[in-house]
Every structure is written in C-alpha cells, then in structure tokens.
Amino acid sequence: MDFKTTDLCDDHSDSLKICDIDFRSFGKVTRFSGKIETVNVFGDNVLVVEALENVEEGSVIVVDGHGSKRCALLGDRLAGIAESRKLAGIIINGYVRDSAELANINVGILALGTYPLKSKKTGNGERNGTLYFGGIEWKPGEYVYADEDGVIVSKQALL
C-alpha cells in the first residue's frame, strides 16, 4: 500500500472521519485499506467467521465487539481464513488471541489487545449494519485506511 493516513488527512481532512481509538497492530501488514464490511457481536464470533468466508477480496472487516474483554473474537485460525481469501484487514473493537501467530499472517489486524479465552458460538449479532465506536460511524461500503499513525474513514475511495 502506497499511502499514509497523515497525507490523506492533509488532503481530505474536511471529508474524513478519524477514529479516536489507539489500536494495537497484530498482523504482518501494518498499512492497509479497503471497503468496509461490518459485524456487530458481543462475546460470539460466529458472524465474524461468516463474514471472513463471504466478503469480497480486498475488504476490511470492522467488528464491534463493544470493547468487551470477556473473550477473543479472532485467533490464528480465523486470521488464516482472512489471509487465504486475500482480505486487506480486520479491525476489532475487542480482543484477539494467538498473537505470536497473528504476527506472521499477511493481513492487517487491529484490536484493543489480547485475551486467551475463545468466544461463544451461538450466532448472535448483526452483519452489514452501521457501527458506532471510536467516535465515528462505520458504514458498510465506505472506505477505511489504516497505518501506524491511525485509522480514518471516507465515504469515497481516496486511492
């Protein structure tokens, strides 16, 4: 990826939303962008798996786990699905596990931190809805850009 969020902010600040969460990076890729696909869950990652298996190549899955530290919503097996399907990234308002293995997965992975317990598997939640966290709205079909300096969202593609 040949962009910097700082440069995009310089050129498009009036039309961007800037996330105010200081995510930690876990994937091998630290700079990524793509069209947003959303998942809203709490302590359950069945819909995360469904999204990983079905979204378009190059997408970024944005997961609102409501910042819950009850469980991890992504581990090495699910990140491997994202890598094999050539997804650009995953942004989780929640936690991940298997962090040593995630560091070798060729996908951008941002989350709040790590937690070793796996999630429940009941299928509760929602896909493709608008999410609200980090001081912004995350809408399916908009575009997200993430790097070492932050995460920004645009209604239109900037690259």
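Tyr145 is buried, with a relative accessible area of 2%. The model is predicted. There are two aromatic pairs by the ring-distance rule.

**Aromatic pairs**

- An angle over 60 degrees counts as edge-to-face.
- This pair links distant parts of the chain. Phe3 sits in the segment before helix H1 (5–12), while Tyr145 belongs to strand S13 (residues 143–147). They are 142 residues apart.
- Phe3 is buried, at a relative accessible area of 5%.
- Phe133 and Trp138 form a stacked pair, because their planes are at 20° and their ring centres are 4.9 Å apart. The cut-off for stacking is under 30 degrees.
- Phe133 is buried, with a relative accessible area of 7%. Trp138 is buried too, with a value of 0%.

**Helix H3**

- Helix H3 spans residues 76–84, and its buried residues are Leu78, Ala79, Ile81 and Ala82.
- An α-helix has 3.6 residues a turn, so residues three or four places apart point the same way.
- Arg77 and Ser84 are exposed, on the other side of H3.
- Several elements cover the buried residues of H3. Among them are helix H2 (46–54), strand S5 (72–74) and strand S6 (89–93). Helix H4 (99–102) and strand S8 (108–111) are also included.
- Just after H3 comes Lys86, which takes a positive phi of about 60°.

**Annotated binding site**

- An unreviewed UniProt entry carries the annotation "binding site" for Gly75, Asp76, Arg77, Leu78 and Arg97.
- These residues are spread over 23 residues of sequence, yet they cluster in space. Their largest C-alpha distance is 10.5 Å.
- Gly75 lies in the loop between S5 and H3. Gly75 is buried, with a relative accessible area of 10%.
- Leaving aside neighbours within four places in sequence, Gly75 is in contact with Arg97, Asp98 and Leu102.
- Asp76 is in helix H3. Asp76 counts as partly exposed, because its relative accessibility is 32%.
- With neighbours within four places in sequence left aside, Asp76 is in contact with Arg97, Asp98, Glu101, Leu102 and Ile105.

Conventions:
Residues are numbered from 1 along each chain as its sequence is written. This is a predicted model: local features need pLDDT of at least 70, side-chain atom pairs count only at pLDDT 80 or more; totals for chains, interfaces and linings use all residues. Side-chain values use heavy atoms; hydrogens and water are left out. Rings of Phe, Tyr and Trp (its six-membered ring) pair if their centres lie within 6.5 Å; planes under 30 degrees apart count as stacked, over 60 as edge-to-face and the rest as tilted. Helices (H or I, at least four residues) and strands (E, at least two) are DSSP runs, numbered from the N terminus. Buried means under 20% relative accessible area, exposed over 50%, partly exposed in between (1.4 Å probe, protein chains only). Contact means heavy atoms within 4.5 Å. UniProt positions are given in the numbering used here, feature names are shortened, and annotations may be inferred rather than shown by experiment.
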